[in-house]
Amino acid sequence: MTEHVVVVRAAAPPEARRRTRGGLALLRPWVVPGVLLGLYEAYARRAVALGSEALAPPSAALKALAAAATDGSLWQATGFTLGTAALGLLLGAVLGASLGITLGLSRRAARLSMLSIEVLRPVPSVALIPLAMLMFGFGLRMELGIVAFATFWPMLILVQSAVQQVEPRLLEVSRVLGLSTRERAWKIVLPAIVPRLFVALRLGVAVALVVAVTVEIAANPNGMGYAMMIAQQSFDPALMLGWLGWIGVVGFVINGAMLRLQRVVARRMGAVL
Amino acid sequence: MNRSSIERSRERLVDWLGSTAVLAALVALWWAASSAGWVSRVFLPTPQATLASLAEGLNLSGSGNGELLAFTLATVSRMLLGWLLASLFGVLLGAAIGVSPAVRAWVQPTLEFIRPLPASALLPLAISIFGLNPAMVLFVVAFGAMWPVLLATVHGFAAVEPRLAEVARCLQMSRAAFVWKIGLPNAMPDILAGMRLSMTISLIVAVVGEMIASQSGLGQAILLAARAFRASELFAGIALLGLIGFTSNALLTLAEKKLLRWQQP
């Protein structure tokens with residue numbers, strides 16, 4: 001009985017210490033941004049009081065963002081950007097992954113197409129903005145095309161290298177079983193590359209978001225990027241800053257979710273990365 | 001031995017010929033599609049027209065205006081200057097943050113939050129602070145391209161083998177000596193990879209900046225060409241941008257191989 005009490009008492013202090021340390025560690029990431037935002041708030045308030053039209057304190061940005069959320073423009077623009085990025089990624093990923101599987105399975109096809117890929121791949125995606133404007137006009141399709149182009153190359157390269165690293169014995173088994181090429185791709189290769197496919201997809205999501213916002217800033221009059229440009233052009237620094245912060249939060253949340261998804265898939269599939 | 005090397009070089013020649021043939025076939029397809037009018041000429045010029053625009057813009061025959069050449073130089077210098085600034089500040093800041101585990105623990109979450117932010121999203125903010133001028137574009141190029149280098153440097157410093165840090169302590173190395181002799185060489189592969197990514201970002205942000213802020217360069221040139229429906233000039237500009245991307249990437253890969261030779265066993 002007494003022994004039991006002693007054990008409990010002895011165990012209690014480190015437990016408590018760990019909890020406070022855990023609390024501190026939870027707080028720590030917020031300290032630096034908090035201090036920076038606080039300094040900026042004070043600086044911007046003074047600048048506004050002195051008559052600056054270019055700066056706005058973060059508190060005003062938050063207010064402007066809340067107003068955009070209540071009148072629905074926030075959700076509409078966010079939905080457009082995310083939807084277009086997702087569709088473009090889907091297009092780029094399907095095309096890139098299918099070509100990547102083909103080139104990964106056939107060394108000869110990979111060698112034959114190497115030069116063409118090396119010539120086309122370095123074209124920066126934003127260079128296609130004017131071309132897409134000519135072909136599709138403004139709107140959904142031009143942004144889709146550019147996002148698909150931008151995500152096509154990393155998907156192609158990563159999937160091709162993933163297929164080339166598939167355990168050779170699996171391919172031997174498929175040959176022994178007499179599977180056709182299509183059956184081999186669907187039944188052996190695709191399941192074997194799923195963990196790496198998700199790594200490629202995570203990268204693709206990051207690229208798609210950045211490219212979608214960039215296209216909206218440069219040309220396409222839709223979505224979050226355009227909303228930010230319009231706020232700047234109509235001298236509404238609070239709303240512009242609000243959009244900038246919102247774009248940052250959306251990107252951070254989506255990238256974090258993709259990282260988590262990739263890890264879950266890797267654990268489920270017993271990945272050898 | 002001799003025979004197999006001959007065979008190998010012949011194989012390489014066949015590969016090279018084959019992949020050139022595939023590229024030629026793609027160009028032929030482009031030629032057929034544009035001259036037969038399968039795709040509207042408004043946005044798909046013939047390869048000959050594109051080449052003619054390139055020759056005229058680059059003043060190859062001596063009779064052109066050389067406009068594209070000036071634009072290319074403007075874009076390349078913007079990209080290179082921004083990239084150099086980004087690399088310099090990225091490595092300096094990264095070393096300052098990465099050398100101390102305490103600073104790393106406090107600052108890294110903030111860095112990770114800013115990382116996914118598109119560099120071009122800073123353009124509106126920079127325009128409203130600095131106005132429309134070349135320095136503003138250069139600032140955004142450098143700032144946007146700095147993150148990959150910065151994060152790679154921090155990561156490279158964080159991954160220093162603990163025993164090396166112990167050795168440095170035993171030798172009573174100063175912090176500067178530790179950074180110079182252990183930290184930087186250890187972070188070098190990461191830094192070079194970061195610098196490659198940052199070169200791509202500088203080209204993209206330079207082009208977007210030229211488009212939005214109307215600074216002379218290839219970005220503005222292709223936007224104006226598209227607005228005026230001059231497809232052959234648009235394609236010439238896109239080809240030049242592709243060439244810039246290809247060349248810069250190839251040069252960096254070469255430099256990386258040379259600089260990291262000590263790593264290979």
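Start at A:Val147. Skip its neighbours within four places in sequence.

A word on the source. This is a predicted model, where local features need pLDDT of at least 70, side-chain atom pairs count only at pLDDT 80 or more, and totals for chains, interfaces and linings use all residues. Residues are numbered from 1 along each chain as its sequence is written, with chains lettered from A and ligands numbered from 1 in the order in which they are written.

Back to A:Val147. A:Val147 is among the residues with the most contacts inside the largest nonpolar core, along with A:Ile146, A:Val159, A:Met228, A:Trp243, B:Val207 and B:Val208. That core has 130 residues. α8(A) gives the largest share, 18 residues. A nonpolar core is a set of buried Ala, Val, Leu, Ile, Met, Phe, Trp, Tyr and Cys residues joined through C-beta atoms within 7 Å. Buried means 20 or more other C-beta atoms within 10 Å of the residue's own, again placed from the backbone.

Next, α10(A). Helices are DSSP runs of H or I, at least four residues, numbered from the N terminus. Buried residues of α10(A) include A:Trp243, A:Trp246, A:Gly251 and A:Gln262. What do the buried residues pack against? α2 (58-70), α8 and α9 of chain A, together with α5 (122-130) of chain B.

Now the interface. 41 residues of chain A are in contact with 44 of chain B. On the chain A side, α10(A) gives the most, eight residues. That side divides into 31 nonpolar, eight polar and two charged. Nonpolar counts Ala, Val, Leu, Ile, Met, Phe, Trp, Tyr, Cys and Pro; charged counts Asp, Glu, Lys and Arg; the others, Gly among them, are polar.

Last, domains, with bounds from an automatic or database assignment. Chain A has domain 1 (1-55) and domain 2 (58-268). Their centres, over C-alpha atoms, are 35 Å apart. Domain 1 of chain A puts six residues into the contact, domain 2 of chain A four. Chain B has domain 1 (2-39) and domain 2 (67-263), with centres 34 Å apart over C-alpha atoms.

Definitions and conventions. Two residues are in contact if their C-beta atoms, placed from the backbone, lie within 7 Å. Helices (H or I, at least four residues) and strands (E, at least two) are DSSP runs, numbered from the N terminus. A residue is buried if 20 or more other C-beta atoms lie within 10 Å of its own, exposed if 12 or fewer, and partly exposed in between; C-beta atoms are placed from the backbone.
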